[in-house]
Amino acid sequence: MSPRPGRTDVTKRKLFDATLRLAGTRGMVGLTVDEIAAEAGVAKGTVYYNFGSKDGLIDALLRYGVDLLAARLSSADGDASDTLSRLIDGMLAFFAEYPTFAQLLVSELWRTPGQWQQTLSLLREQVTSIIRGQLQRLADAGELPEGVAVPTASAALFGTVLVVALDWQVFAPERSQEEVRDSVLTLVRGLRGTVG
């Protein structure tokens, strides 16, 4: 008999949340399955049953987080004039809600070679392809300067907002999301006038 899907999802969510809480205070490297299970209030065997190992849990956590982010970015459809604002807002809101996930992405994305490099490369592509699609719409509508390479602009926007979101959370938490978004938009739009 297999476990009920709802119960399994709740257990996985508890394990994801526990892992993020612990990673936020201690980092990922030193975490043990025992600590994660205790923080989640489940038996150690539950981690192995659901994920096979700590690495399996982290891999699934990364995929889960990026799926949540991708869902937010996919909802940025609408008028071309608001696309950048909606993309930036979606990323900032996600990273404000999951600041430890943002820290994990920054620390693991550019670690060479990283333990989860293959998974992160796929996940980065998933997120940047959504941004790329939205920016391509802008390019097709003539809203981007001539010569802007959409793939590079997509990666740049993702990286910029990821780092700005962490900076906001750590060094300027008193600023509103709107202030941070508007600062990024001013930067992006300001560069439009000087590009070329």
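Predicted model: local features only at pLDDT ≥ 70, side-chain atom pairs only at ≥ 80, totals over all residues.

Trainee: Which domains does the assignment give for the protein chain?

Mentor: The domain assignment lists domain 1 as residues 1-52 and domain 2 as residues 55-191. Their C-alpha centres are 26 Å apart.

Trainee: How many residues of each domain are in contact?

Mentor: Contacts join 12 residues of domain 1 to 12 residues of domain 2. About 1,100 Å² is buried between domain 1 and domain 2, and carbon and sulfur atoms give 80% of that area. On the side of domain 1, F16, L20 and M28 supply 52% of the area buried against domain 2, more than any other three residues.

Trainee: And how many salt bridges cross the interface of domain 1 and domain 2?

Mentor: The rule finds zero salt bridges there.

Trainee: Turning to helix α8, what should its 22 residues span?

Mentor: At 1.5 Å a residue, helix α8 (residues 150-171) should span 32 Å, and its end C-alpha atoms lie 31 Å apart, which agrees.

Trainee: Which residues of α8 are buried?

Mentor: Among them are V150, L157, F158, L162 and W168.

Trainee: Lastly, how many aromatic pairs does the structure hold?

Mentor: There are five aromatic pairs in the structure. In one of them, the ring centres of F94 and F95 are 5.4 Å apart and the planes meet at 70 degrees, so this pair is edge-to-face.

Trainee: Are F94 and F95 buried or exposed?

Mentor: Both are buried. Ring pairs also link F94 and F95 with Y98 and F101 in a cluster.

Methods
Residues numbered from 1 in each chain as written. Heavy atoms only, no water. Phe/Tyr/Trp six-rings, centres within 6.5 Å; stacked < 30°, edge-to-face > 60°. Buried < 20%, exposed > 50% of the residue type's maximum accessible area, 1.4 Å probe, protein only. Helix = DSSP H or I, 4+ residues; strand = E, 2+ residues; numbered from the N terminus. Expected span 1.5 Å × (residues − 1). Domains from an automatic or database assignment. Contact = heavy atoms within 4.5 Å. Buried area = accessible area lost by both parts, 1.4 Å probe. Salt bridge = Lys/Arg side-chain N within 4 Å of Asp/Glu carboxyl O.
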